[in-house]
Amino acid sequence: MRIAIAEDSVLLREGLTRLLVEAGHEVIAAEADAERFLRAVAGSVPDAAVIDVRMPPTFTDEGLRAALVVRDRWPDVGVLVLSQWVEERYATELIAGRPRGVGYLLKDRVADVTEFLDALTRVAEGGSAFDPEVVAQLLARSRHPLGDLTPREREVLALMAEGRSNGAIADALVVGGGAVEKHINNIFTKLGLAPGERDHRRVLAVLRYLNGVNP
Amino acid sequence: MHLIRDLVSARTWLALIHHLAGLLIGLAVIFIVTFGIGFGVGALPLALAGLPLLGLTLRFTDWLARFERARFAVLLDVAIPAWPQDARPGYRWLLIPSWRKLSSRATWSEVGYGLLRLPVSVVTVAISVSAAAFGLLLLTLPLYNGALPSRGAVIDGTVVRGGPAMAGAAVAGLVLLLASAQLARGLALADAAVSRRLLGPPSHLAARVTELERSRERVVDAAEAERRRIERDLHDGAQQRLVALAMELGRAQAKFTDDPEAARDLVDQAHAQAKEALIELRNLVRGVHPPVLTDRGLDAALSGLAALCPVPVDMQVDVPVRPKPAVEAVAYFVVAEALTNVAKHSRASQVRVMVEGHGFPGSLTVLISDDGIGGADPGGAGLSGLADRVSGVDGELSVESPSGGPTIISAVLPCG
């Protein structure tokens, strides 16, 4: 995959570049601020972009705004936003327009290299990857009651919202694939969502539901 | 007895000196102030030529006010608080008064004092000195009565003479002399009361200053305690983890050639340690100031708190206009502390958090209620620290927590 990086910390920028190169990807740009990063992306459109939220000059949400620009201007580029802390509100903004091929993870997750690369691949292929912490916030602030769900169904819902596949959910909960299918169908029925959605479209449905946007 | 003692006591004499000094000062000041203000204001239309003169006069009244406050303190032992100092200088190029200076109540009160000094002192001196002098004259009348030109004092055309009259005069003189001491002191106090109104801020302002001084002290203490807590958390948490991490990596390095399997285990442990350190640091930063609060406001920041709380939180946030950052931060920490308490002590099954903004300028109301066992101690470290933080923005915190519950914590924070 061809990847562009926006990260102002030299240590992390170099570390990410090395990690991605070692995994067999091509890093086409590694920039320290949003403006230069956007210019690099415009010059040579990558398959995916990894963007830090806080960057110069104001160190607030430059990265997030750059991510929204990429998302709107180059819909085929997967956008993975990294941050020292995750906030439900930023996730909401990311999935608002075109919630296809977006991800939002804590920077810590980079430490689990395999999982991080997996998430990046998912995002580049149009799927999604949301941090468990973000999902926990979304569930806590859900605009709809989730009281009808059993604890197990809540767990499945959280994993779905993170963007995981049925197989990954089954592995995480140590149950069979059939059981996961059944839970998912129950969840969709109880929440009144169209059943049988697959992969990223179903993540979308779940996230929008939690945000109070009607599916 | 004390009447006689008062006659010779230092306080009486100081009061008399005060009146006489006031007369001299008033005499000098009234010319300077009427001339300075009169010509200064009069010359204003001439391309503001009067401004430097006005500035000079106001500098003089500033100095006079300071001098007079000191005089009241030294001679009468009356402390007059100074007007609160303006943070910005009152003059440009040394002599040009700023508009703030010209429109401030303190400035004109002090000018007014300069004008009033003379008439007030004339009255006090006239009464106190003439009472003392007349008393002394009457008391000693028997000694010199015979030596007077008409061989006796003449009152209403009759010549006062003879033993009983002399005794009466002496008694009247004594009474007047004793009364004059009280009179001088009483007038000094009255003078101080009048001057206090002009030389110092109104009493409600003075009370407010005291209150602010106290609350500032508490806020500074709270900040200091907070810094110590952060230092401790960093030292006990992340720092120790990083030490352990470096140690494990060092051991792994030593084992790599001889025992690669053990080295791999150590690297695994180090990896876990590093991730723990990251989590601790993140929580610490969130506790100091959550970045999303600055970026997106209260509603967004409170989401994170709700997700971290093990007790289900029903959160309603309605803040149409963002209050200033200090108020937002205090509101955030009220909710954070309350939810921490709910999680630790309340055994509640449900928490409600309501945050409502009532216009701007207006107030921000924060209310946290749970269905737990109650018994929260408003004097405890957490809640009293919170009360200090709330008072730092002029807000009010109330804690209702009867034993048996429920607990209701509310804060009203003024905005604007």
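How many residues does the contact take from chain B, and how many from chain A?

A: This is a predicted model, in which local features need pLDDT of at least 70 and side-chain atom pairs count only at pLDDT 80 or more, while totals for chains, interfaces and linings use all residues. Residues are numbered from 1 along each chain as its sequence is written, and chains are lettered from A and ligands numbered from 1 in the order in which they are written.

Chain B gives 19 residues to the contact and chain A gives 13; two residues are in contact if their C-beta atoms, placed from the backbone, lie within 7 Å. On the side of chain B that touches chain A, α9 (260-288), α10 (291-296), α11 (298-308) and β5 (313-318) of chain B each supply at least two residues. Helices (H or I, at least four residues) and strands (E, at least two) are DSSP runs, numbered from the N terminus. The largest share of this side, 7 residues, comes from α9(B). By class, this side of chain B has 10 nonpolar, 4 polar and 5 charged residues; Ala, Val, Leu, Ile, Met, Phe, Trp, Tyr, Cys and Pro count as nonpolar, Asp, Glu, Lys and Arg as charged, and the others, Gly among them, as polar.

In chain A, 6 strands form an open sheet with parallel pairing, in the order β2-β1-β3-β4-β5-β6; two strands pair if DSSP finds at least two bridges between them. Because β2 (26-31) and β6 (128-130) of chain A stand at the edges with a single partner strand each, one side of each is left without a neighbour in the sheet.

Within the sheet, strands β4 (residues 78-83) and β5 (residues 102-106) of chain A run parallel and are joined by 5 bridges. A:V81 has A:Y104 in β5(A) as its bridge partner. Helix α4 (residues 88-96) of chain A lies across β4, β5 and β6 of chain A, running at about 165 degrees to β5(A); axes are lines fitted to C-alpha atoms, for helices over the stretch in contact, and angles run from 0 to 180 degrees between N-to-C directions.

Leaving aside neighbours within four places in sequence, A:V81 is in contact with residues including A:I51, A:V53, A:L64 and A:L94.
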